[in-house]
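Colleague: Please put the model on screen. I would like to go through its helix packing.

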Amino acid sequence: MKVLFVMLGGFIGAIARYSIGEWIHTNNGFPLGTLLINLLGCFLLGWFLTFITIKKKIRTEYTLFLGTGLIGSFTTFSTFSVETIRLLQNGFLLNGALYILTSILFGLLLTYLGVKLAITNGEKGVTN
């Protein structure tokens, strides 16, 4: 049954990633769509996993559906890697370096902000 939740979330996440990637076109060889998708996924996963840790009321199936399935298939490290190699192979060294640095630095920053938001909201919801 757990696999079904991952599959359903993965199905939705993959379609969302594809749709957003098609909507946000690559500019001058720079993979803006994948960058924005991955950064949004960093924020969402940081928030979600922290939120469920604080609340402790969310069923495992929902965690698998949202975290592993939906957000896991929405973001894509493999596409990031392939696009980075293509940039570098095609001589776009600055774009490749910018893509790597932006993905890592902003990915970590947005994950941190998602975690902080979940902690802040979780503390407001706790009653003494």
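Modeller: Helices (H or I, at least four residues) and strands (E, at least two) are DSSP runs, numbered from the N terminus. This is a predicted model, in which local features need pLDDT of at least 70 and side-chain atom pairs count only at pLDDT 80 or more, while totals for chains, interfaces and linings use all residues. Residues are numbered from 1 along each chain as its sequence is written, and side-chain values use heavy atoms, with hydrogens and water left out.

Colleague: Which pattern does the protein follow along the sequence?

Modeller: The secondary structure comes to 5 helices and 0 strands. Read along the sequence, the pattern is therefore α-α-α-α-α.

Colleague: What share of the 128 residues counts as buried?

Modeller: Buried means under 20% relative accessible area, exposed over 50%, and partly exposed in between (1.4 Å probe, protein chains only). The C-alpha atoms fill a box of roughly 60 × 35 × 20 Å along the principal axes. Of the 128 residues, the buried share is 30%.

Colleague: Are α2 and α3 roughly parallel or roughly antiparallel?

Modeller: Axes are lines fitted to C-alpha atoms, for helices over the stretch in contact, and angles run from 0 to 180 degrees between N-to-C directions. Angles under 35 degrees count as roughly parallel, over 145 as roughly antiparallel, 65 to 115 as roughly perpendicular and the rest as oblique. The axes of α2 (residues 32–55) and α3 (residues 60–74) come within 9 Å and cross at roughly 165°. That makes the pair roughly antiparallel.

Colleague: How many charged residues does the contact of α2 with α3 have?

Modeller: Contact means heavy atoms within 4.5 Å. From α2, residues including Leu 40, Leu 44 and Phe 48 meet α3 residues, among them Tyr 62, Leu 66 and Ile 71. Ala, Val, Leu, Ile, Met, Phe, Trp, Tyr, Cys and Pro count as nonpolar, Asp, Glu, Lys and Arg as charged, and the others, Gly among them, as polar. By class, this contact has 10 nonpolar and 3 polar residues, and the charged count is none.

Colleague: At what angle do α1 and α3 pack?

Modeller: Two packed helices are described by the angle between their axes and the distance between the axes. The axes of α1 and α3 are 6 Å apart. These helices are roughly parallel to each other, because the packing angle is about 30°.

Colleague: How many charged residues does the contact of α1 with α3 have?

Modeller: On the α1 side the residues include Lys 2, Phe 5 and Arg 17, and on the α3 side they include Glu 61, Leu 64 and Phe 74. The contact of α1 with α3 has 11 nonpolar and 7 polar residues, and its charged residues number 3.

Colleague: What end-to-end C-alpha distance does α3 have?

Modeller: The expected span of a helix is 1.5 Å times one less than its number of residues. The 15 residues of α3 should therefore span 21 Å. The distance between its end C-alpha atoms agrees with that, at 19 Å.

Colleague: What covers the buried residues of α3?

Modeller: The buried residues of α3 include Glu 61, Thr 63, Gly 67 and Phe 74. Their cover includes α1 (2–23) and α2.

Colleague: Does Gly 29 count as buried, partly exposed or exposed?

Modeller: Gly 29 lies in the loop between α1 and α2. Its relative accessibility is 34%, so Gly 29 counts as partly exposed.
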